Amino acid sequence: MATKKSSKTVPGYSLIPNQKFQQMHAAMIALRTHAKRKGPSTGAEASIIASVIDLRPSDLVLAPANLFPEALLRNNRLQLLSTRRTDSAENGIPVISLASAAAVLTIAAGAALGCHTAANDSVVVAFGTTNGKSRDAWLEALQLAGGHKLPVLFVLLPGDEAQAAFISSQAMSAGVISVPVDTADVVAMYRVAFESLARARRRTSTALIVSTPYKLENGKSRRPDDPLKKLEIYLKAKGIPIGAR
């Protein structure tokens, strides 16, 4: 006798642990909650959190001023995860915030070169912008990083799309892996960041994540989704509990 197939759907399998999803959700809330004024972090929570969530105290983050609210920094170290909330200056992720976007890229390339020659697996994450004045700095940093396969992950924050396309093309010419990712999709962003950082620790390649607004079929960019709401919809669909906002 034939058996009736169940119509009950089973949530898709994911290589990302549920706890990691919950950590990203909590960190995105913390970033948004403490962003008291509009700055580079507004609407870019997915790009930021996905790129730093797995970093270690031995790694380094370089970022434009105001990307990380002061409330989340202690002794110039990022305190985003509950396991890293401590008064000890030895915990958290070291962060250097600079007013000049060009300086971020220049120092990041130099710091990554230092990591490359050291006998460890430390990495550098550098957040950049499409500010026209930083174009030369982008070219120099990408050429240096790509030429030596430096352990750095460049993250281009949302901005001018034409400039972003130019930077992406220059990255590929320099031997840097360039990956466009939906600005509002923290899950996709995390997957790319995870693989990029793993390769950087192995000293096998350098990568650039281009935070890109999703495009419609006609080629036009739609208004980016709220990355936090998009993550919550995703977690609800997977049956993953989240804390209150």
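So, what percentage of the 245 residues of the protein chain count as buried? It's 46%, with buried meaning under 20% relative accessible area, using a 1.4 Å probe and protein chains only.

Before going on, some housekeeping. This is a predicted model, where local features need pLDDT of at least 70 and side-chain atom pairs count only at pLDDT 80 or more, while totals for chains, interfaces and linings use all residues. Residues are numbered from 1 along each chain as its sequence is written, and side-chain values use heavy atoms, leaving out hydrogens and water.

On confidence: pLDDT, the predictor's confidence in each residue from 0 to 100, has a mean of 85 over the protein chain, and 82% of the residues reach 70 or more. Two stretches to flag. Over residues 1-13 pLDDT stays under 50, and the model has two contacts there beyond four places in sequence; a contact is heavy atoms within 4.5 Å. Residues 82-86 also stay under 50, but with 13 such contacts.

Now the fold. We've got seven helices and eight strands; these are DSSP runs numbered from the N terminus, H or I with at least four residues for helices, E with at least two for strands. The eight strands make an open sheet, in the order S2-S3-S4-S1-S5-S6-S8-S7, with mixed pairing. Strands S2 (73-74) and S7 (177-182) are at the edges with a single partner strand each, so one side of each has no neighbour in the sheet. Leu 73 has Leu 78 in S3 as its bridge partner.

What about helices on the sheet? H2 packs on it, touching S1, S3, S4, S5, S6 and S8, and its direction makes about 170 degrees with that of S5. H3 (residues 101-117) lies across S1, S4, S5 and S6, at about 165 degrees to S5. Those angles run from 0 to 180 degrees between N-to-C directions, with axes as lines fitted to C-alpha atoms, for helices over the stretch in contact.

Last, a residue I like: Glu 45, which sits in H2 (residues 45-52). Buried or exposed? Glu 45 counts as buried, because its relative accessibility is 5%. Beyond four places in sequence, Glu 45 touches residues including Met 28, Leu 31 and Pro 227. Its side chain also makes a polar contact with the side chain of Arg 32, at 3.0 Å.

Technical notes:
Buried means under 20% relative accessible area, exposed over 50%, partly exposed in between (1.4 Å probe, protein chains only). A polar contact is a pair of N or O atoms within 3.5 Å; within protein, one must be able to donate a hydrogen and the other to accept it, and residues adjacent in sequence count only if both atoms are side-chain atoms. Two strands pair if DSSP finds at least two bridges between them.
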